[in-house]
Amino acid sequence: MSVDFEERSGVVPCKTPWGSWYQTMEEVFIEVHVPPGTSAKEVKCRLGSRDIELQVRGKEVFKGRLFDTTMSDEATWTLEDKCLIRIVLMKTNREAGNCWSSLLEGEYCANAWVQDQMQRKLTLERFQRENPGFDFSGAEISGNFAGGGPDFSSLQK
């Protein structure tokens with residue numbers, strides 16, 4: 001369901017010196033631009049549940065403690081067209097309120113506007129999941145959306 005929602009509504013990327021990262025309720029996506037012609041043998045990628053490390057051609061791109069925990073056995077990386085590394089991390093906490101403010105603890109932080117847009121996006125994704133008959137991909141949201149938005153669980157259906 002996330003993929004369809006993302007395709008219709010786009011992503012909110014956090015730009016970095018090496019590329020960008022963005023997130024859904026379930027996953028964190030990292031896109032790293034590498035020199036054209038890079039081969040998979042030149043990439044060293046270690047994906048742990050709380051740590052990550054990426055080296056390309058012997059040079060460290062990033063290394064550190066992730067903002068939150070992930071399911072390391074479901075993490076993947078691919079090299080696309082010998083110029084882009086795409087890493088997909090599966091979040092352990094898949095609630096709309098779990099909006100990462102940075103990729104690594106204290107590094108690659110989303111600025112205030114990007115963080116706000118990411119949280120809005122996750123809240124709309126949550127609404128989409130709770131109301132599959134509606135299309136929230138082009139919706140605007142205002143008000144209380146921090147922490148995943150308002151809690152409607154106590155309302156009668």
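**Close-up views of a predicted model**

**Figure 1. Lys91, a buried residue without a salt bridge.** Lys91 is buried (under 20% relative accessible area; exposed means over 50% and partly exposed lies in between, with a 1.4 Å probe and protein chains only), yet Lys91 has no salt bridge. A salt bridge here is a side-chain nitrogen of Lys or Arg within 4 Å of a carboxyl oxygen of Asp or Glu. The nearest side chain of opposite charge belongs to Glu125, 7.4 Å away; Lys and Arg count as positive and Asp and Glu as negative, while His and the chain ends are not counted. This is a predicted model, in which local features need pLDDT of at least 70 and side-chain atom pairs count only at pLDDT 80 or more, whereas totals for chains, interfaces and linings use all residues. Residues are numbered from 1 along each chain as its sequence is written, and side-chain values use heavy atoms, with hydrogens and water left out.

Lys91 is placed in the loop between β8 and β9 (102–104); strands (E, at least two residues) and helices (H or I, at least four) are DSSP runs numbered from the N terminus. The side chain of Lys91 reaches the backbone oxygen of Thr24 at 2.9 Å. Leaving out residues up to four places away in sequence, Lys91 touches, among others, Gln23, Met25, Glu26, Asn98 and Trp100, where contact means heavy atoms within 4.5 Å.

**Figure 2. Salt bridges around Arg129.** The side chains of Arg129 and Glu26 meet in a salt bridge of 3.2 Å, N to O. Arg129 lies in helix α2 (residues 112–130) and Glu26 in the loop between β2 and β3, so this pair ties together parts that are 103 residues apart in sequence. Both partners are partly exposed: Arg129 has a relative accessible area of 27%, and Glu26 has 24%. Arg129 also forms a salt bridge with Glu125, the closest N and O atoms being 3.3 Å apart. Arg129 and Glu125 are 4 residues apart in helix α2, about one helical turn. Glu125 is buried, at 1% relative accessibility.

**Figure 3. Arg126 and Glu130 in helix α2.** The closest N and O atoms of the salt bridge between Arg126 and Glu130 are 2.8 Å apart. These two residues are 4 places apart, about one turn of the helix. Arg126 is buried at 12% relative accessibility, whereas Glu130 is partly exposed at 40%. Elsewhere, salt bridges that share partners join Glu26, Glu125 and Arg129 into one network.

**Figure 4. Strand β3 and its two pairings.** Of the 7 residues of strand β3 (residues 27–33), 6 are buried, so the strand is largely enclosed by the rest of the structure. Strand β2 (residues 19–23) runs antiparallel to β3, joined by 5 bridges; two strands pair if DSSP finds at least two bridges between them. The two form a hairpin with 3 residues between them, and Gly19 has Val32 as its bridge partner in β3. Strand β8 (residues 84–90) is also antiparallel to β3, through 7 bridges, and Arg86 in β8 is the bridge partner of Glu31.

**Figure 5. Asp68 and Cys99.** Asp68 is placed in the loop between β6 (59–65) and β7 (76–80). Asp68 and Cys99 are 31 residues apart in sequence and 9.7 Å apart in space, C-alpha to C-alpha. Cys99 is buried, with a relative accessible area of 8%.

Definitions and conventions
A polar contact is a pair of N or O atoms within 3.5 Å; within protein, one must be able to donate a hydrogen and the other to accept it, and residues adjacent in sequence count only if both atoms are side-chain atoms.
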